[in-house]
Amino acid sequence: MRSYTKYGMAATALMMASALALSACGNTSSGSDAASATSGEVDVIAYSGIWQDQYTAAVIKPFQAKYPNIKINFASKRSSADMLSALQGQKSNPNTDVAIMDQSVSESGNKQGLFDKVDASAVANLANVPDKFRNKDGYGPVAMLDAIGVVYDTKAFPTAPASWNALWDKSTCGKVNVVAPPSLLGISLTAITSSMEGEDYTKSIDKGVDKLKQLAPCIQTFAPNPDEYQNVITGQTVIGLGQNARGQYYADQSGKKIGVAFPKEGTAYQINTINLVKGAPHSAAAKTFINYALSAEAQEAFAKALFYAPSVSNAKLPADVQARVVPTDGSLKILPLDVDFLASVRDKWTETWKRQIITKQ
Amino acid sequence: MTTTQTQERPGLRAGNTPGSLEKAKARRDRRTYTALLIPAILGLLVSFVLPLAYMIRMSFNHGEADGVIIEGFTLDSYIQPLSDPFYWKVTLDTFQMGVVVGVVCVALSYPITLFLARTTSKYKSALLAIAIAPLLTSAVVRTYGWMVILGSNGLVNSSLEALGLISAPLKLTNNMLGVQIGLVEISMPYAILAMISGFGRLNPQLEEAAGSLGASKFQIFTKVTLPLTLPGVLTGFLMVFVLSISTFITPTLLGGGSVQVLATEIYDQTTGLLNWPFAAALSVILLVLFGAVVAVYQRLTKKLGG
């Protein structure tokens, strides 16, 4: 009896072991519904927080109402680099279908063979995307646009700061936030500062770095938490770097405690592309989703919800919304950022910040 | 004793000596124990050994600027941090942070632990539960709490300003001080738990004996209490040190981007710059640092024990 119990225990242990081994090897995608364009699931990877909330309400829910047999699973990440990191990890066996991420990062993904080309025959709305917002090699097109601006406390600044130099103003010393590289905000600020100092940032950023070193002792935080907008709203900082879309959204949410402005020296776009993952388990349904995301209906709804400018020519926005999204008609001075170049210097510039600028504090 | 037991057994067959029966039983036992160990071993293998091996292998690959990993065998990812003064400074700052947090945390937790170990109150268990209750809240939530308390308009600064002690807010967060304050509080329950288990050798009668022989309270503490509790103190320190140098949540949230330690550097390299080989090499360096500290700890406890 005693040995029977022992063998029973041993057998149970072996069964547990096999179950563990099986669960470790399991979780592979079935891919059975890859061919269906109107049913199955679509796994989307994109930004977290209010972006996720607003995109779900403005785009995903109406999509699911239109295609009740397609279920969207949203995996959220804090940044595009986080998304790319996740996609690299699943390269041999992808379990994501669509990725919405920053253009500079999706370019890296295109080069690494993580994405497929998006074909106009399966995504009819691609026809409404102007050439300037399409990928020259046929990969994922631009899905929405935003730009970097100055976010400010409306009490401390009754009139919006007109120049980037407001960040260097001694009166706000200690109450400035920036988002250091590798964030796109920090990369863009480096290029903008370098341009303000008369440099071509693709050749040298030395003067820009010197100017940023002067700013460093006045910076409250190089990595605002929970984010750059809450820092201003709670009074931890009064001016800083931010994105127009979120700044506009939080201006409404906070009863206009925070404002966002585009300085006269010019700014940089923050562009999100919508990408089809190579070897996507549900590629047909994923194309249906991409097509919907590029529809005027979806683009208008998201612009109204989170103030991103549409990337399709047939989207028409109400005047009050149009006034708050970033202009894409050439009326705003935009510094053309070479996405490929910035991707290649992202690590170098990050190191420069870590070694030369942040240490000046 | 053994012979008596086997003689009493009814199923003893002719030809089977008691010794061989014992051996067979031991073999069976061993097999059972081995089988019972398999799930745990497999679990360890899948969740610890394989990822560690993968990480070590990754550290020998080459990482390109845009996140491309080139498989191969190169020591680049080790040469770069080891030959660069910046990474030596990051390592030194990490180590320093661990030591400061460890010392302060143990110093603050010691009186509480001593009280909990010696109290004869009927509420002892409840008091112990209260001391470690912060563990029920996530470290992220507690760190956010510290952001609110230490911020420019936070509880500390606004109280000091209201009392007229300061005219401008002190910078208590977005720097190393803020990280250390947060880490000390977050690690205290761990320090208390680790120390209380090491205070077993503390016998109140020894203190009473020292007192009756004329030792002052201070002498009792330095000659009797402290030496007896030192192994527990060392364990508490090691626990807090290891937790602080490996955590990245608190330095990330309370450091404001200006606190650069190994854990935040690994996080940035992995998720921000996508240089996995470099991040893996930094992780191996951190692991070696852990190993060195644990080795020193073992030597010290052996000395104290002997």
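This is a predicted model: local features need pLDDT of at least 70, side-chain atom pairs count only at pLDDT 80 or more; totals for chains, interfaces and linings use all residues.
User: Which domains does the assignment give for chain A?

Analyst: Domain 1 of chain A consists of 40–145 + 270–322, and domain 2 consists of 147–269 + 333–360.

User: How far apart do their C-alpha centres lie?

Analyst: The centres of domain 1 and domain 2 of chain A lie 27 Å apart.

User: And how many residues are in contact between the two domains?

Analyst: On the side of domain 1 of chain A there are 13 residues, in contact with 15 residues of domain 2. Helix α4 (103–111) and strand β10 (269–277) of chain A each give two or more residues to that side of domain 1. The largest share, 4 residues, comes from α4(A). By class, that side of domain 1 has 7 nonpolar, 4 polar and 2 charged residues.

User: Let us turn to β9 of chain A. Are its faces covered or open?

Analyst: Both faces of strand β9 (residues 258–261) of chain A are covered. A:Ile258 and A:Val260 are buried on one side, and A:Gly259 and A:Ala261 are buried on the other.

User: In which sense does β9(A) pair with β5 of chain A?

Analyst: Strand β5 (residues 142–153) and β9(A) pair in the antiparallel sense, over 4 bridges. A:Val151 stands opposite A:Val260 in β9(A).

User: What about chain B? How many residues of chain A are in contact with it?

Analyst: In chain A, 38 residues are in contact with 32 residues of chain B.

User: Which element gives the largest share on the chain A side?

Analyst: That is α1(A), with 11 residues. By class, the side of chain A that touches chain B has 17 nonpolar, 14 polar and 7 charged residues.

Methods. Residues are numbered from 1 along each chain as its sequence is written. Chains are lettered from A and ligands numbered from 1 in the order in which they are written. Domain bounds come from an automatic or database domain assignment. Two residues are in contact if their C-beta atoms, placed from the backbone, lie within 7 Å. Ala, Val, Leu, Ile, Met, Phe, Trp, Tyr, Cys and Pro count as nonpolar, Asp, Glu, Lys and Arg as charged, and the others, Gly among them, as polar. A residue is buried if 20 or more other C-beta atoms lie within 10 Å of its own, exposed if 12 or fewer, and partly exposed in between; C-beta atoms are placed from the backbone. Two strands pair if DSSP finds at least two bridges between them.
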